[in-house]
Amino acid sequence: MKFFLTLLVGIAIGIAAVWYFNHDKTNSQFKTAGQEIKSTAQNAADTIGDKLRSFHLDRETITNELAKTGRVIRDKASEAGKAISDATADSRVTAAIKAKLVRDPDLSAWDIHVSTSDGVVTLSGTVSNPDLIGKAMALALDTDGARQVSPRCR
């Protein structure tokens, strides 16, 4: 009876340990992915905000101009639109590549970090073998908006 009780306690401790370690790993992976998404979105928002401020397109300025003249005109509006488009394009490229990594059974979206700047994609992280570096690069290059891919995978 003592042996049976010890065996049950050992099994319970083993199950609790497996759950504890797997639970923490999953949460940290979700936190990391969430932080990457938040960082990418924040970079896009900062770029857009900088362009809006540089062209004096903040709420107060627009409200004052509308009150005075009834219209708002900026000479470089096409450049502001291009900057906003470029900022969101990089975010779209990063998100599209991450989605492809999630769908691929050989590659881990948790282990490969993706960042994009002006269409240049940087892949960093770890993979189990060198062939997977090529596969990750091919996925990235096959994404609209990706002009160049630079791996920094181990």
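Reader: In what order do the elements of the protein run from the N terminus on?

Author: The elements run α-α-α-β-β-α-β, which makes 4 helices and 3 strands. Helices (H or I, at least four residues) and strands (E, at least two) are DSSP runs, numbered from the N terminus. This is a predicted model, where local features need pLDDT of at least 70 and side-chain atom pairs count only at pLDDT 80 or more, while totals for chains, interfaces and linings use all residues. Residues are numbered from 1 along each chain as its sequence is written, and side-chain values use heavy atoms, with hydrogens and water left out.

Reader: How much of the protein is made up of buried residues?

Author: Buried means under 20% relative accessible area, exposed means over 50%, and partly exposed is in between (1.4 Å probe, protein chains only). Of the 154 residues in the protein, 21% are buried.

Reader: Which residues of the largest nonpolar core touch the most other members?

Author: A nonpolar core is a set of buried Ala, Val, Leu, Ile, Met, Phe, Trp, Tyr and Cys residues joined through side-chain atoms within 4.5 Å. The largest one here has 15 residues, and Ile97, Leu101, Ile112, Val121 and Leu123 touch the most other members. At least two residues of this core come from each of α3 (77-103), β1 (112-117), β2 (120-125) and α4 (130-141).

Reader: Leaving aside neighbours within four places in sequence, what is Val121 in contact with?

Author: Contact means heavy atoms within 4.5 Å. With those neighbours left aside, the contacts of Val121 include Val93, Ile97, Val114, Ala140 and Val149. For the protein, take contacts between residues at least 6 apart in sequence: 56% of them join residues at least 24 apart.

Reader: Is Thr94 buried or exposed?

Author: Thr94, in helix α3, is buried, because its relative accessibility is 6%. Beyond its neighbours within four places in sequence, Thr94 is in contact with Thr40, Val114, Ser115 and Thr116.

Reader: How many salt bridges does the count come to?

Author: Side chains of opposite charge can pair when their charged atoms come close. The rule for a salt bridge asks for a side-chain nitrogen of Lys or Arg within 4 Å of a carboxyl oxygen of Asp or Glu. By this rule the count is 2. In one of them, Lys135 pairs with Asp104, with the closest N and O atoms 3.2 Å apart. That pair links distant parts of the chain, since Lys135 is in helix α4 and Asp104 in the loop between α3 and β1, 31 residues apart. Lys135 also meets Asp106 in a salt bridge, at 2.7 Å from N to O. Asp106 lies in the loop between α3 and β1 and Lys135 in helix α4, so this pair ties together parts 29 residues apart in sequence.

Reader: How accessible is Asp104, and how accessible is Asp106?

Author: Asp104 is buried, at a relative accessible area of 12%, whereas Asp106 is partly exposed, at 45%.

Reader: Which residue has a positive phi although it is not a glycine?

Author: Most residues other than glycine have a negative phi. Asp118 has a positive one, of about 55°. Asp118 is found in the loop between β1 and β2 and is exposed, because its relative accessibility is 54%.

Reader: What separates the C-alpha atoms of Ala41 and Arg92?

Author: Those atoms are 9.9 Å apart, although the residues are 51 apart along the chain. Ala41 is found in helix α1 (residues 2-54) and counts as partly exposed, at 45% relative accessibility.
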